Amino acid sequence: MPSYWGPPVSEIQIELANIDKHYGAFHALKNVSLSIEKGSFVALVGPSGCGKSTLLRSLAGLESISGGTIKIAGEVINNVPPRKRDVAMVFQSYALYPHMTVAENLTYSLRIKGIKKDVARRSAEEIATTTGLTGLLDRYPRELSGGQRQRVAMGRAIIRNPKAFLFDEPLSNLDAALRVHMRKEIRALHDRLGATSVYVTHDQIEAMTMADHVVVMRDGVIEQQGSPLDLYDRPVSKFVAGFIGSPAMNFLPGTIGADGMSVGLDIEGAPSLPLGRKAEAGQKVTVGLRPEHLVAADPAVAALRLPVAVVESTGSMTYLTTATVPELTVVETRRIDAKAGDTIGVSIAPGHVHLFDAVSEKAI
């Protein structure tokens, strides 16, 4: 009898195939295809207007698509109304009923299905334990903090036990410290439930820290998708390289040297940088250097000697902005004895030099 040894085949929970969406003459989604594995946490990220929220709303049934196929658990749902798609959506605005208590908000979907009040209350108590709402069930939304309201919105989604959770920028209304706390809570909750989650955000830090799989969108198409570190280490374009990572990648015009193993930077006083790989001699490129990969060094031996314009220290990190055109950002974990007007030396390992075609902006 033949046998096969290997990793288990992943189960696809959500499948989007060749999705198009038009708003009159505006083409919002352009032939988008995406498969989402059961139990995974997928982040859709990109600038405003890239199509990420339109794609999520199309999955939820809040937007009708102009073409393509949407499947959830193998079932085509193109014409299935939102309430029957078995997905739960958490919005940026919480969307709680102000005249209902926390318990009533949590159990609303159960009560309209005819589930008995005492059974629904027990479910609410279980969800309250999971989401940290114990002791708040009899309060009204106006009596809660922003973080507590967001927990209620998540609890209301969880209690339905849906096939997928859809998050539409749920943390945008919270302050910075609470956003950091809540993103850890959402990820921990996802892991406890073994849920399938699709999370829309414009904040690439949220996407990088929370998701198993990140989908970067631009102008209605998927520019690149993969694990967070895949996108960070191997961006396929200048757009992805500039969008993923904080602070953003530095970009400089350059020309590949005659030996094909170095790149000359079009910046005053800059020598050629070794590439550690072969490129086309004489090719015009954009050189990408991540701020955290630029290491302050002795100016006498460093690859670059750069004048300093601004020094910002947070205690644990020092951010240096150069007085060059274009300006560069350098991030140091050490405390640097530098001030505006000084010249610092900066080194970078060849493996950390990114190259993009000057015209197509695709990675080389």
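This is a predicted model: local features need pLDDT of at least 70, side-chain atom pairs count only at pLDDT 80 or more; totals for chains, interfaces and linings use all residues.
A residue is called buried here when its relative accessible area is under 20%.

**Helix α2**

By that criterion, seven of the ten residues of helix α2, which spans residues 102-111, are buried, so the helix is largely enclosed by the rest of the structure. The buried positions are Val102, Ala103, Asn105, Leu106, Thr107, Ser109 and Leu110. Which helices do the buried residues of α2 pack against? Their partners are α3, comprising residues 117-131, and α4.

The model contains two cavities of 30 Å³ or more. The table sets out the volume and the lining of each by residue class.

| Cavity | Volume | Lining by class |
|---|---|---|
| Largest cavity | About 80 Å³ | Nine nonpolar, two polar and no charged residues |
| Second largest cavity | About 30 Å³ | Eight nonpolar, no polar and no charged residues |

Helix α4, already mentioned as a packing partner of α2, also takes part in the lining of the largest cavity. Which elements each supply at least two residues of this lining? They are α4, strand β7 (164-168) and helix α5 (176-193). The largest share, four residues, comes from α5. The complete lining consists of Met154, Ala157, Ile158, Phe165, Phe167, Ile186, Leu189, His190, Leu193, Ala195 and Ser197. Under the residue classes used, His and Ser count as polar, so His190 and Ser197 are the two polar members of this lining.

The second largest cavity is lined by Leu16, Leu34, Ile36, Leu44, Leu55, Leu56, Leu59 and Val198. Strand β2 (26-37) and helix α1 (52-60) are the elements that give two or more residues to this lining. Here the largest share, three residues, is that of α1. No polar and no charged residue is found in the lining of the second largest cavity.

**Gln148 in helix α4**

Helix α4 covers residues 146-158 and includes Gln148. Where does the side chain of Gln148 reach? It extends to the backbone nitrogen of Ser145, at 2.9 Å. When residues up to four places away in sequence are set aside, Gln148 touches Leu133 and Leu136.

**Summary**

Note on methods: Residues are numbered from 1 along each chain as its sequence is written. Side-chain values use heavy atoms; hydrogens and water are left out. A polar contact is a pair of N or O atoms within 3.5 Å; within protein, one must be able to donate a hydrogen and the other to accept it, and residues adjacent in sequence count only if both atoms are side-chain atoms. Contact means heavy atoms within 4.5 Å. On a 1 Å grid over the protein atoms alone, a cavity is a set of points where a 1.4 Å probe fits but cannot get out, and a pocket is an open set with protein on both sides within 12 Å along at least five of seven lines; lining residues have an atom within 4 Å of a point. Grid points are joined across faces, edges and corners, and a volume is the space filled by probe spheres set on the points. Buried means under 20% relative accessible area, exposed over 50%, partly exposed in between (1.4 Å probe, protein chains only).
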